[in-house]
Amino acid sequence: MQLHHYSFQESWNKDFDTSLDSSQTLVIVFGSSDVRKITQALQDVTRAFSHSIIIGASTSGEILMDTLQEESLVVAVVKFQTTQIRLATEKLHNPEDSFEIGEKLANKLQEKSLKSVFVLSDGLNVNGSDLTHGLNAGIHSDVIVSGGLAGDGATFSQTWVLVDGKTSSHYVTAVGLYGENIHVGYGSEGGWDIFGIQRVVTKSSHNVVYELDGQPVLDIYKKYLGEKAKDLPASGLLFPLGVYDAKEEGKIVVRTILAIDEDEKSITFAGNIPMQSKVCLMKSNNDRLIDAAQNSSNALDLQNYTDEPLLNIAISCIGRKLVLKQRAEEELEATLENLPKNSTQIGFYSYGEISPTGLIGCELHNQTMTLTTLWESDA
Amino acid sequence: MHKLLKRQLKKTGANVDEDFLALVEQAYEDADDDRKLLEHSLEVSSLEMQELYHKLAKQAQEQLKLSEDKYNALTYELRNHYYFYSFNKSFLLTYLSDSVYNITGYSKEELVGTPFTQHLTSHPMNANLNKLATKIFTGKKIAPLIVNILHKDGSNLFIELSSFGVYDDNKHLTNVSGIARDITQEYIAQQKLHHLSNYDALTGISNRHSLYNQLEYIIVDSKRNKKNFSLLFIDLDGFKAVNDTYGHKAGDILLQHVTQRIQKQIRQNDLFARIGGDEFIVVLTDIDREFISKITQEILQNLEKTFHIKEHTIHISASIGIATYPQDGENTDALLNNADKAMYTIKNSGKNSFTHCTDTNPS
């Protein structure tokens, strides 16, 4: 496996090595949601790697190695030796179709030699929980499914994924990796702690919550945010909602805010929150988040790895960036420190992370640092 | 500029790059922001917890009050209907709970040390009490029993006693303890019900239901002791005309007078019942045929005499059939049937007379 990475911030940091362009080449790009800043750069990429499969998504901050960039484009070019790759794309007309779209993508990619699927989805017009459930329905449980939901800074206005080289909203793309020699690892950690009283969801529908303990959920968030309430929905990311798992005692799923509705006093979360769920607000601090990022890389399985080039795709939640601020790069350093020397880290701050849970296929995560590592052994 | 940063620069006199300074300043402000948000959120959370605490405390208090009320209602019920007692082998009361006062009007101090039989009435139900108490001291279990005692104010109380033996370390029975329950109200109600179901409301003598029950007993007794008894089936002559002429009310009064006149001719313990409109039964035991005929004749003569009911002067008579056990029937139905038939032979042959079954049906 050959692996190069590039960065565009007003100009490219270096020339492309177009010798890597092939049908077994995967080009991954993460870029600014402000398309004007990167249109030219995207054209450069599509022109240089016209035979390759190119996937990409808009971000709330681009990650390259241990640096966080804004209004840029980061690119990883991976030419596999033996691993086969296949792209699947589906248009998402509305969030209610998310399960069906997940299932369709899965059916397009599923075959015996499928080892892993990497998914990039529109970050706003999707129900992330349903999408992962749809993927699980069609993909064998041995296959590692990971990825993320595109971001849009902290403005929650419009996200894109790449479809035929063009930035497009309302799409989900997925790439399948096939063969015996590709090795895929994963890890996902949050670092958020519950605080305050436990509440019960008294009114909700799918991923929209209206009331907790009979009070409008938006009022509760505003009360907690104080002055920062004016920055909703972004400031709501400082207090994600912890949802207690009804089946597994002690397990808490973290759900992040995607949007608010002032008229209905409701909040749209990145995943479903059923009625009668027990929930609690969550908070974190720099140290807890950075420790968690480190733990996510500790969890990576690098058995049999020798010294091959390794790509680590780091997808971290926008909510973490809002808490960490200038210290966001410390979590990127923390993950990179734990990786082998020959590693390239690329990634983005997202509106949701997808990673296996270890039991029932993949699941949507929020407010986590989620890692996917790829390396290829010799044939 | 952030105040702290400004002071630090002033103190050190450092000449710092502007971009660097901007980042440091931002970090200072971020840290302040984080602290403020944390403090604010903890304050909100603390208030919410206090509210929740007060809400839960109030709920707990309400629940406690509810259960206290229930408890009080229960103990009130217990205090007014139950008391505990113990007595020793000499039948002297050794212990009484305070609630004995609520029920009997006597304080426990007035009663402890006195015989437990002290306030018993002469009611027949108390007759075997000493015997039963002795039985307990032999270690035998006895079923709960009802006693009749007098309240301090002189009123009647019916108390149900559930007793059990109390043993010492050597397993010797030393005391009898138990729970006394005041059942006066239900006992009286039960007696009323019993009276209603066994006695004729108009005349106060036994009704058909009671007659059957008592006859069963008399038949068993007569069979065992090989004794005879006779059953008189009395039907009034001309009673319908009295009702038609003077009204049902006068008829009812006449039946009461008839009852009194017959009662005068028989013994107190003889079974006497009204089984229909103007049909009466008298059962005479331990009397020979000749004497029965004599009593029957006297009944007829008494009923023949003028009745003065309100302003009316009324004359009636009676027809009587007599069946004798066992020759005229060995069970109640047979005896009643045969006496009835005998009575009808009199009705059909001029009334105001009597006959024995054996006379009307020699076979």
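Reply: What follows starts with the sheet, goes on to the helices, and then turns to the rest of the model.

The model is predicted. Chain B has 12 helices and 12 strands, and 21% of its 363 residues count as buried. Of the contacts in chain B with a separation of 6 or more, 54% are between residues 24 or more positions apart.

The sheet in chain B is open and is formed by 5 strands in the order 2-1-5-4-3, with antiparallel pairing. Its edges are strand 2 (93-96) and strand 3 (145-150) of chain B; each has a single partner strand, so one side of each is left without a neighbour in the sheet. On average, and with direction ignored, neighbouring strands of this sheet are turned by 35 degrees against each other. Helix 5 (residues 129-137) of chain B packs on the sheet and touches strand 3, strand 4 and strand 5 (173-182) of chain B. The direction of helix 5 makes about 130 degrees with that of strand 5 of chain B.

One pairing can be named: B:I146 has B:E160 in strand 4 of chain B as its bridge partner.

The helices come next. Two packed helices are described by the angle between their axes and the distance between the axes. Helix 8 (residues 239-246) of chain B packs against helix 9 of chain B at an angle of about 140 degrees, and the axes are 6 Å apart. On the helix 8 side the contact consists of B:F239, B:V242, B:N243 and B:Y246, and on the helix 9 side of B:H248, B:A250, B:G251 and B:L254. By class, this contact of helix 8 with helix 9 of chain B has 5 nonpolar and 3 polar residues, and no charged residues.

Helix 9 (residues 248-265) of chain B also packs with helix 10 (residues 289-304) of chain B, at about 150 degrees and with axes 9 Å apart. Helix 9 and helix 10 of chain B are therefore roughly antiparallel to each other, and their crossing is right-handed. From helix 9 of chain B, B:V258, B:R261, B:I262 and B:Q265 meet B:I295, B:E298, B:I299, B:N302 and B:L303 of helix 10 of chain B. The residues of this contact of helix 9 with helix 10 of chain B divide into 5 nonpolar, 2 polar and 2 charged.

Elsewhere in chain B, the peptide bond joining B:Y325 and B:P326 is cis, with omega about 0 degrees. B:P326 lies in the loop between strand 11 (317-325) and helix 11 (332-348) of chain B.

Chain A has 7 helices and 27 strands. Of the 379 residues of chain A, 55% count as buried. Among contacts in chain A between residues at least 6 apart in sequence, 82% join residues at least 24 apart.

Where the chains meet, 11 residues of chain A are in contact with 12 residues of chain B. Strand 15 (193-205) and helix 4 (217-225) of chain A each supply at least two residues of the chain A side, and strand 15 of chain A gives the largest share, 3 residues. The side of chain A that touches chain B has 4 nonpolar, 3 polar and 4 charged residues.

Some local backbone features of chain A complete the account. The bond from A:L232 to A:P233 is cis, with omega near 5 degrees, and A:P233 sits in the loop between helix 4 and strand 18 (241-244) of chain A. A:E71 is a residue other than glycine with a positive phi, near 50 degrees; its place is the loop between strand 6 (67-69) and strand 7 (73-79) of chain A. With 18 C-beta neighbours inside 10 Å, A:E71 counts as partly exposed. Strand 20 (residues 257-261) and strand 21 (residues 266-269) of chain A run antiparallel and are joined by 4 bridges. These two strands of chain A form a hairpin with 4 residues between them, and A:K265 in the turn has a positive phi of about 55 degrees.

Definitions and conventions
Residues are numbered from 1 along each chain as its sequence is written. Chains are lettered from A and ligands numbered from 1 in the order in which they are written. This is a predicted model: local features need pLDDT of at least 70, side-chain atom pairs count only at pLDDT 80 or more; totals for chains, interfaces and linings use all residues. A residue is buried if 20 or more other C-beta atoms lie within 10 Å of its own, exposed if 12 or fewer, and partly exposed in between; C-beta atoms are placed from the backbone. Two residues are in contact if their C-beta atoms, placed from the backbone, lie within 7 Å. Axes are lines fitted to C-alpha atoms, for helices over the stretch in contact, and angles run from 0 to 180 degrees between N-to-C directions. Angles under 35 degrees count as roughly parallel, over 145 as roughly antiparallel, 65 to 115 as roughly perpendicular and the rest as oblique. A crossing is left-handed if the near helix is turned anticlockwise from the far one by less than a right angle, and right-handed if clockwise. Ala, Val, Leu, Ile, Met, Phe, Trp, Tyr, Cys and Pro count as nonpolar, Asp, Glu, Lys and Arg as charged, and the others, Gly among them, as polar. Two strands pair if DSSP finds at least two bridges between them.
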